[in-house]
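Please examine the following model, given as a sequence with its coordinates. A series of questions and answers on its architecture follows.

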Amino acid sequence: MHTLDAAIGKARTAASWRESTTSIAGRAMKPGSADEAIVHLPGVVVIGGGMPIDAGGQRVGANGVSGAPNGAKWRQQ
């Protein structure tokens, strides 16, 4: 059940910040970063799996995935 909540949080986070959650995590996880505090906001999930979706030059939504054993495994195939 937690994977559904994680996927929704990843999509919400990617849509709110208009970038991938992997990119956001890279900044937010650095000690002393100005973005460090966002990991404590309700509903924010700052781990890989969230991507914004653009169409026709406009942001139209975001996608979040969760439950896979490791994103790197799928990129290798």
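Q: How many helices and strands are there in the protein chain?
A: This is a predicted model, in which local features need pLDDT of at least 70, side-chain atom pairs count only at pLDDT 80 or more, and totals for chains, interfaces and linings use all residues. Residues are numbered from 1 along each chain as its sequence is written, and side-chain values use heavy atoms, with hydrogens and water left out. Helices (H or I, at least four residues) and strands (E, at least two) are DSSP runs, numbered from the N terminus. From that end the elements run α-α-β-β-α, and the count is 3 helices and 2 strands.

Q: In which sense do strands β1 and β2 pair?
A: Strands count as paired if DSSP finds at least two bridges between them. Strand β1 covers residues 50-55 and strand β2 residues 58-64, with 6 bridges joining them. Within this pairing, Gly 50 stands opposite Gly 64. The sense is antiparallel.

Q: Which residue takes a positive phi in the hairpin of β1 and β2?
A: The hairpin has 2 residues between the strands. The phi in question is near 60°, and the residue is Gly 56.

Q: Which residues make up the largest nonpolar core?
A: Such a core is a set of buried Ala, Val, Leu, Ile, Met, Phe, Trp, Tyr and Cys residues joined through side-chain atoms within 4.5 Å; buried means under 20% relative accessible area, exposed over 50%, and partly exposed in between (1.4 Å probe, protein chains only). In soluble globular proteins, nonpolar side chains tend to be buried together. Not counting residues up to four places away in sequence, Ile 38 touches (heavy atoms within 4.5 Å) Trp 17, Ile 24, Ala 28, Val 44 and Val 46. The core has 6 residues: Ile 24, Ala 25, Ala 28, Ile 38, Val 44 and Val 46.

Q: How far from Lys 10 is the nearest side chain of opposite charge?
A: Lys 10 lies in helix α1, residues 2-17. Leaving aside neighbours within four places in sequence, its contacts include Thr 21, Val 45, Ile 47 and Val 65. Lys and Arg count as positive and Asp and Glu as negative, with His and the chain ends not counted; a salt bridge is a side-chain nitrogen of Lys or Arg within 4 Å of a carboxyl oxygen of Asp or Glu. Lys 10 is buried without a salt bridge, and the nearest such side chain, Asp 5, is at 12 Å.

Q: How far apart in space are Gly 26 and Ile 47?
A: Gly 26 belongs to helix α2, residues 21-28, and is partly exposed, with a relative accessible area of 39%. Gly 26 and Ile 47 are 21 residues apart in sequence, and their C-alpha to C-alpha distance is 9.0 Å.
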